[in-house]
Amino acid sequence: MRIRVGHLYPEYLNIYADRGNIAVLSARARVRGHELDVQAIGMGDAVPTVDLFYVGGGQDREQELVAHDLAAKSGPLREAVEAGAAFLAVCGGYQLLGRSYRDVAGVDLPGVGLLPLHTVAGERRMIGDVLLDCAWAGETLAGFENHAGRTILDEGAEPLGRVVSGFGNDGESGFEGCRYKRVYGTYLHGPLLPRNPWFADRLLEEALAHAGVEARLEPLPDELEREAHAVSSARARSRGGRF
Amino acid sequence: MAGRGGGTTLPGKLLWKLDPAAIDALATRLPQGSVAVSATNGKTTTTAMVAEILRPHVRVAHNDSGANLVSGVASALLEARDAQLGLFEVDEGALPEVSRRVRPKALLLCNLFRDQLDRYGELELVAGRWRAAVAALPHAQLVVNGDDPQVGALARPGGRVFGLDDPRVARSALQHAADSKYCLRCGTPYEYAAAYVGHLGDYRCPNCGHARPPLDVTARDIELRGLDGAAFTLVAAEGEARVELRLPGLYNVYNALGAASLAVALGIGLDDVRDGLARFSAAFGRFERIPIGDRRVLMLLIKNPAGANEAIRTLVEGAASRVAVIALNDGIADGRDVSWIWDVDFEPLLDGLDRLVASGSRAAELALRFAYGGFDRDRIEVVPALDAALDRGLELTPAGGELTVLPTYTAMLALRRTLAARGHVTNYWERAA
């Protein structure tokens with residue numbers, strides 16, 4: 001099966017090794033006999049029909065450069081998500097999926113409005129290893145966060161996970177990330193997917209479902225992945241950020 | 001961090017804690033004042049090159065152990081009481097404070113790449129601090145790399161702008177990890193007539209015309225000789241000189257050109273600059289060939305995407321070995337965030353390897369980088385302990401062969417300690433000053 005992936009602004013939002021996430025999706029699809037077809041969606045481009053969208057993180061400057069263009073794509077992106085397309089948004093990309101992002105200078109950037117949240121940049125950056133408990137999946141996620149933005153979820157919004165160690169969305173609520181239908185937003189980079197293969201497989205399964213194939217992917221040995229996850233989790237437990 | 005074993009920054013740390021203003025007083029006692037060198041990549045090597053050029057001319061107080069925060073500068077000042085000139089390698093994040101205290105008469109600013117975002121913050125932030133630091137030193141002579149948009153923009157009258165002038169050695173395209181790709185003024189992607197290292201090159205904005213500033217000092221007719229060295233023609237207002245380097249790679253041509261530009265700005269003749277650069281071998285751990293029995297270790301420090309890409313480019317062009325030990329630690333000095341390994345273009349190196357030993361505190365993470373980069377998992381060995389990884393790498397290396405070792409900063413220090421304990425190298429603090 002061909003899985004169509006739309007990578008938003010890879011030239012601009014790529015600061016935390018986002019190509020690592022794509023490489024993991026691609027390799028894990030391939031060993032199961034599927035082919036990832038990744039196309040870049042850049043400034044001014046129309047939104048193509050894809051099974052999975054990906055948007056990464058950037059520095060403030062790059063985020064500013066793409067924010068308005070992304071907001072202008074809001075209509076077709078929302079339609080795609082309502083029709084069951086999967087979406088992974090990391091860090092800066094996550095912030096831009098909310099309603100708005102106010103940067104340190106107090107300038108408001110428009111968001112896509114796909115996720116029920118808004119973000120306000122704070123004075124102190126939240127930097128460190130993070131471990132999340134994702135009870136909805138019966139799994140954990142280990143990663144690294146580095147953000148000035150405090151993301152506030154709307155009442156009733158579903159977080160991606162509860163913070164076991166680290167700051168999470170705002171350093172206070174105990175929530176990290178947000179999920180809605182098949183959309184996942186998170187501050188965790190590292191990149192996220194190499195050491196959290198279950199999440200990569202879940203995204204692939206949801207992308208496949210959008211493409212019309214309902215199937216569980218058979219598990220892989222993942223020895224290195226488990227070891228990397230264990231080290232990363234231990235890091236979060238011993239030195240994850242807190243105020 | 002660098003202090004363990006050598007204890008190189010302890011006196012300076014004490015002084016900084018007890019009486020920070022004493023650093024200012026020590027610096028003012030230097031009869032010829034101070035100069036400072038900063039960059040994301042190459043600052044240790046570049047500063048050591050300047051020291052070698054200056055050696056026959058002036059006694060310097062130089063923080064040559066890589067301790068490049070305020071405390072390291074303080075230690076160098078305390079140790080070299082008879083010095084005439086301060087020559088300080090300065091961490092890019094520490095530049096504002098060091099400048100404020102020692103008030104350098106000249107600053108050599110080489111490049112800004114994304115590096116340890118968990119420690120330094122975003123590139124734009126560091127660039128902003130540099131702008132403020134140089135604005136607070138209105139009389140200092142600025143020697144800047146015009147090939148880096150952020151650094152070139154700091155140029156001002158009375159200083160020097162240096163850059164490469166040899167499109168034959170340029171890359172065909174910007175690398176994945178290129179940082180300052182967008183026009184400083186209007187945000188449009190720059191067009192490059194030549195891209196040399198990362199985002200360093202001959203750039204021009206097609207929208208507003210912002211472009212590389214005119215160069216005062218250039219490197220022409222660059223010759224790269226694999227792992228055996230490099231040569232270039234140094235061209236300045238004062239004349240020309242053919243420079244022979246024992247260090248390989250285009251990034252070392254940049255380091256040498258920066259060092260030469262500062263030396264020329266300080267009044268050193270071109271022939272003396274050439275001779276000093278020809279004498280220079282390597283700053284510790286940056287590019288070292290160490291014989292071990294009937295084998296040899298080639299150690300190159302890797303610490304961020306741009307630097308690692310250049311190390312790999314040099315290795316590949318120099319027909320590197322078939323076995324490599326790559327070591328990733330995640331201490332504060334390495335960067336706790338290890339995501340940068342995914343931005344390094346390791347693939348050209350992997351193509352030539354039979355076996356790879358992944359080591360360091362994040363060995364498994366590193367192994368995943370190679371596995372997902374297409375390197376066969378069966379040919380990767382995960383050996384987190386650095387000593388054991390080195391031994392395993394040597395075991396896999398055929399007699400008479402060379403083992404490539406690419407460590408991050410604290411892994412490099414630890415490996416050098418091991419090699420020193422075994423009598424293969426001397427510790428840097430045991431070297432003659």
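This is a predicted model: local features need pLDDT of at least 70, side-chain atom pairs count only at pLDDT 80 or more; totals for chains, interfaces and linings use all residues.
1. A cavity is a set of points, on a 1 Å grid over the protein atoms alone, where a 1.4 Å probe fits but cannot get out; a volume is the space filled by probe spheres set on the points, which are joined across faces, edges and corners.

2. The largest cavity is lined by 27 residues, and B:Asn41, B:Gly42, B:Tyr251, B:Asn255 and B:Gly307 are the closest to its centre. Lining residues have an atom within 4 Å of a point.

3. H11(B) gives the largest share of this lining, five residues. Helices are DSSP runs (H or I, at least four residues), numbered from the N terminus.

4. Domain 1 (10-279) and domain 2 (288-430) of chain B both supply lining residues, so the largest cavity lies between them. The domain bounds come from an automatic or database domain assignment.

5. B:Lys181 forms a salt bridge with A:Glu11, with the closest N and O atoms 3.8 Å apart.

6. Residues are numbered from 1 along each chain as its sequence is written, and chains are lettered from A in the order in which they are written. Local features need pLDDT of at least 70 and side-chain atom pairs pLDDT 80 or more, while totals for chains, interfaces and linings use all residues; side-chain values use heavy atoms, without hydrogens and water.

How values were computed: On a 1 Å grid over the protein atoms alone, a cavity is a set of points where a 1.4 Å probe fits but cannot get out, and a pocket is an open set with protein on both sides within 12 Å along at least five of seven lines; lining residues have an atom within 4 Å of a point. Helices (H or I, at least four residues) and strands (E, at least two) are DSSP runs, numbered from the N terminus. A salt bridge is a side-chain nitrogen of Lys or Arg within 4 Å of a carboxyl oxygen of Asp or Glu.
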